[in-house]
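Welcome, and thanks for taking a look at this one with me. Please have the model open as you read.

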Amino acid sequence: MLTLDLLFGPLRVFSAYADLRVNSWSYSKDNLNDRNLYAHRYELALGNLTLGMSEIQVLYNENKAWLFTPVVPLFIEKGNYTERVNNGALAFDLDYRLFNSVRLYGEFLIDDMESPYAIYENRYSNNRWAAMLGAQVAHDFYVKSKKIEAGSIAEIARVEPYTYTHYDTAMAQMAHLGMPIGNPNGPNSLAVDWTLYSRLAEGALWMKSVFVGLHSKWLWKGTDYGSRVDDPYKTVEKRFIHDAPLQYTFTPSVSFEGNHVAFSFEYAFGDEAYVFLRTMFMW
């Protein structure tokens, strides 16, 4: 993986290259093929408003080093290669801070489109897109001169069927180790996430911080063709999360950081139950 980060006053330009794994199984013959990713991000910070544009191109058994150059427009360069060996997407996002306590943000990604009207009509699979809206509210409290940072984050994300996919299995999918590069719920999904959190900083000489969070997730994941990142693409009339059941997960978490040891713990209840524990020692 290679990255280049440039800053020109309020303008930030970020360029990245990554060598991706085609299959999640290490000994799969799919991994004898190459999957290369190039990406650029252009970000303009205007006080409380931040505007961004991101583009990505995935090449299958091809590698064009000059695509790493930040000024090369990937969404235009994509047309110079056959559609069978490359896959690309373009996204626009914004972030706005209000009263130094509220943050509103969103992103709209275009994987492919026939026309702007066809996206609005949203009927066929050759119009593939994703969108996300979010809001964060935060405030600092003081208890006996100790600062407690508290807040809430809510997001809703929609990913259309066939987004991130390609013409055949294990080719130029926007994926690494079988997981999509983007929304982890993958194509044909609708998710609502809500988190309440609190952080106590510098509670004692031996403690740097304690973080506590409560996360709720409502997920509808479609099962029709085009719901998996490895489903080969075809032009059909799509059905978004058709008859998809609701999957609800509630996850409390706690993280502790001291001078020489840190740990984090999560326990998820519901349809996707799991336990996560991480410990770190520092000296």
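The report below covers strand pairing, salt bridges and aromatic rings.

## Ground rules

This is a predicted model, so local features need pLDDT of at least 70, side-chain atom pairs count only at pLDDT 80 or more, and totals for chains, interfaces and linings use all residues. Residues are numbered from 1 along each chain as its sequence is written, and side-chain values use heavy atoms, with hydrogens and water left out.

Let's begin with the strands (DSSP runs of E, at least two residues, numbered from the N terminus). Strands count as paired if DSSP finds at least two bridges between them. β5 (residues 86–98) and β6 (residues 102–112) pair in the antiparallel sense over nine bridges. Three residues lie between the strands of this hairpin, where Phe 99 takes a positive phi near 60°.

β6 is also joined to β7 (residues 128–143), again antiparallel, by ten bridges. Here Asp 112 has Arg 128 in β7 as its bridge partner.

## Around Asp 93

Asp 93 belongs to β5 and stands opposite Glu 107 in β6. Beyond its neighbours within four places in sequence, its contacts (heavy atoms within 4.5 Å) include Arg 41, Thr 50, Met 53 and Gly 106.

## Salt bridges

How many salt bridges are there? The count comes to 14, taking a side-chain nitrogen of Lys or Arg within 4 Å of a carboxyl oxygen of Asp or Glu. One of them joins Arg 41 and Asp 93, at 2.8 Å from N to O. This pair links distant parts of the chain, with Arg 41 in strand β3 (residues 35–46) and Asp 93 in β5, 52 residues apart. Arg 41 is partly exposed at 22%.

Glu 62 and Lys 64 form another salt bridge, their closest N and O atoms being 3.3 Å apart. Glu 62 is partly exposed at 30%, whereas Lys 64 is buried at 19%. Lys 147 meets Glu 149 at 3.5 Å. Through shared partners, salt bridges join Arg 41, Glu 43 and Asp 93 into one network.

## Aromatic rings

Ten aromatic pairs are counted, for rings of Phe, Tyr and Trp (its six-membered ring) with centres within 6.5 Å. Ring pairs link Tyr 162, Tyr 167, Tyr 225 and Tyr 233 into a cluster.

Arg 128 lies over the face of Tyr 233, 4.4 Å from the ring centre. Such a charge has NZ of Lys or CZ of Arg within 6 Å of the ring centre and within 35 degrees of the ring normal. Likewise, Arg 158 has its charged end over the ring of Phe 240, 3.9 Å from its centre.

Note on methods:
Rings of Phe, Tyr and Trp (its six-membered ring) pair if their centres lie within 6.5 Å; planes under 30 degrees apart count as stacked, over 60 as edge-to-face and the rest as tilted. Helices (H or I, at least four residues) and strands (E, at least two) are DSSP runs, numbered from the N terminus. Buried means under 20% relative accessible area, exposed over 50%, partly exposed in between (1.4 Å probe, protein chains only).
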